[in-house]
Amino acid sequence: MFSRRQLVTSILGTLATRTVAASVDPFLSSAGDDIFRIAFGSCVSQRRSQPVWASITAKKPDVFLMMGDGVYPEHEGEDLPVLESLERAYKHARTRSELRKFRDIVKTIAIWDDNDYGGSDIGASFEHRCRSRELFLEFWADPKEAKIRRRDSGIYGLWEFGEAGRRTQVIVPDLRFCRSEWAQTEHSVRAALGDNGFGPYKPTLDSGATMLGDAQWRWLEACLRRPAELRVFLSSIQFVPEGRGWESWSNFPLEKQRLLNSLREYDVDGFFILSGDTHYAEISLRENSGVGYPLWEATSSGLTESWPTPGPNPNRVGDAYPRTNFGMLTVNWLSDEPILVAEIFAEDGARLRQQAVLLSSLRSTN
Ligand SMILES: [Fe+2]
C-alpha cells in the first residue's frame, strides 16, 4: 500500500539525459514488489453516494488512476459561469467522506476529461483553462506535483514504479488543454445513421488538428524513449475503438497514427492502454496495430455514472458492461513469464470481465 511503499518519493532530474529530464520530470517510486496492482476508473459525480471507493480499497491496489471527470459542474438549475460551477463541484467533492477515506489509503494519480476541465467535449478553446487547471491541481495534486504539472501546454505527467526488469511507466497525457476542435458529422449523415449510438463527430484529415500540441508530443516521445518493461498509457478518451462518433483518438487519425509510428520507431514494448469517458466498461483489441504487437485497451467508466446503450466498437472483446464499474490491471512479475491481468468489476466488487495478457506478447516481433 502507499504508506509502506512511498510511491512518489522524489523528482528525478539528474539521472536521465539532460534533454529527456528537462521535458519529462518523472515522479518516481522506490517500490519493486512481486505483484503490482493498478486500480482505475473515471466519471464520479460528487452529488451521488460513492460506495465504489470501499470496493476498490478492498482490492488493495498500490495506486489508483483517476481517468477523468473527477467532478461534474454544479449548475443547480442556474445559468452559472462554468468556473463557478466547477468551484462549487470541487467544494462539494471535498465533503465526500468516502473519497477522503479512500485517498488517505490509496495513492491517486489523476487527469481530467471534459466535464472537470470546462464542459462537454471542449478542448483548447476553453477560455478559463488556466484557472480550471488550478482548481484541478489544488484538488488532486500535492504542491510538488502541482508545480511540475502547471505548464502552458497541459497538466500531463509521468510516473515510474519499480526497479530495472520490473519497471512500470504510467504515462498520463492531457487530452484537453491543447486539443483542436472536433469535426462535426453533417446533420443529414447523422439522421441517416439513426439512433444507433453514434456520436456527433467524424474523423478529420486536417494536418493542423492536434490532440496534444507540439510541446506535449515532444514530452510523450521522450517518455517512450525511457527504459521500461510495461507502459500504461492513461488516455481519458478511447484510443483503439473506431467509428463511434464520440470523442476518441480515432477522430484525429493522423494523431493516432503519429503515436503508433512513435511506438514502432522507438521500439516501444509493453504498451497497454487504459481509458475512461464512455460511462460503460469494455475491453478492446487491435491485432494488426502496425507496431509489431497487438494493442490492448481496458475502458472503465463510470464510478457513479452509467450509459445503458454502449456504442458500436468493432474492436470490442466480449460484451460491454453498461453499469457502474471500476478496473484493475495486475502485473505479476514473479511468474516465469510476467503476466498482466486486466479486470472489470461492478460497483460492489464483483468481477465481470477478466483478460490475461503475457507481457512477452507486447513485444515487437518484426
Ligand atoms: Fe463522464
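These legends walk through several close-up views of a predicted model.

**View 1. An open sheet of eight strands.** Start with the strand order, which is β1-β5-β6-β9-β10-β12-β11-β13, with mixed pairing. At the edges you will find β1 (27-28) and β13 (316-321), each of which pairs on one side only. Look next at β10 (residues 271-275) and β12 (residues 295-299): these strands run parallel and are joined by three bridges. To find your place there, locate Ile273, whose bridge partner in β12 is Glu297.

**View 2. Strand β6 and the strands that pair with it.** Strand β6 covers residues 168-172, and five of its five residues are buried. Cover is found on both faces, with Thr168, Val170 and Val172 buried on one side and Gln169 and Ile171 buried on the other. Strand β5 (residues 157-161) pairs with β6 in the antiparallel sense, over five bridges. Here Phe161 stands opposite Thr168. The two strands β5 and β6 make a hairpin with six residues between them, and Gly162 in the turn has a positive phi of about 85 degrees. Strand β9 (residues 230-235) also pairs with β6, in the parallel sense and over four bridges.

**View 3. An open sheet of six strands.** This sheet has the order β4-β3-β2-β14-β15-β16, and its pairing is mixed. Its edge strands are β4 (108-110) and β16 (351-358), each pairing on one side only. From one strand to the next, the twist averages 20 degrees. Strands β2 (residues 35-41) and β14 (residues 325-332) run antiparallel and are joined by six bridges. A handy landmark is Ala39, which stands opposite Met328 in β14.

**View 4. Helices α4 and α6 in contact.** How do the axes of α4 (residues 82-93) and α6 (residues 129-140) cross? They come within 10 Å and cross at roughly 5 degrees. Angles under 35 degrees count as roughly parallel, and α4 and α6 are therefore roughly parallel to each other. On the α4 side, the contact is made by Leu83, Leu86, Glu87, Tyr90 and Ala93, while α6 contributes Arg131, Ser132, Leu135 and Phe139. The residues of this contact divide into six nonpolar, one polar and two charged.

**View 5. Leu65 in the largest nonpolar core.** This core has 85 residues, of which Leu65, Val232 and Leu234 touch the most other members. Leaving aside neighbours within four places in sequence, Leu65 is in contact with Ile38, Phe40, Ile109, Val170, Leu234 and Leu274. As background, nonpolar side chains tend to be buried together in soluble globular proteins.

**View 6. Leu224 and His187, two helix residues.** Leu224 lies in helix α9 (residues 214-224), and His187 is in helix α8 (residues 187-193). Which of these residues is buried, and which is exposed? Leu224 has 20 other C-beta atoms within 10 Å, so this residue is buried. His187 has 9 C-beta neighbours inside 10 Å and therefore counts as exposed. Not counting residues up to four places away in sequence, Leu224 touches Ser262, Leu263, Tyr266 and Val268. From C-alpha to C-alpha, Leu224 and Asp152 are 21 Å apart in space, with 72 residues separating them in sequence. His187 and Pro200 are 13 residues apart in sequence and 8.6 Å apart in space, again C-alpha to C-alpha.

Notes. Residues numbered from 1 in each chain as written. Predicted model: local features only at pLDDT ≥ 70, side-chain atom pairs only at ≥ 80, totals over all residues. Pairing = 2+ DSSP bridges. Axes fitted to C-alpha atoms, helices over the stretch in contact; angles between N-to-C directions. Parallel < 35°, antiparallel > 145°, perpendicular 65-115°, else oblique. Contact = placed C-beta atoms within 7 Å. Nonpolar A, V, L, I, M, F, W, Y, C, P; charged D, E, K, R; others polar. Core = buried A, V, L, I, M, F, W, Y, C linked by C-beta atoms within 7 Å. Buried ≥ 20, exposed ≤ 12 C-beta atoms within 10 Å, placed from the backbone.
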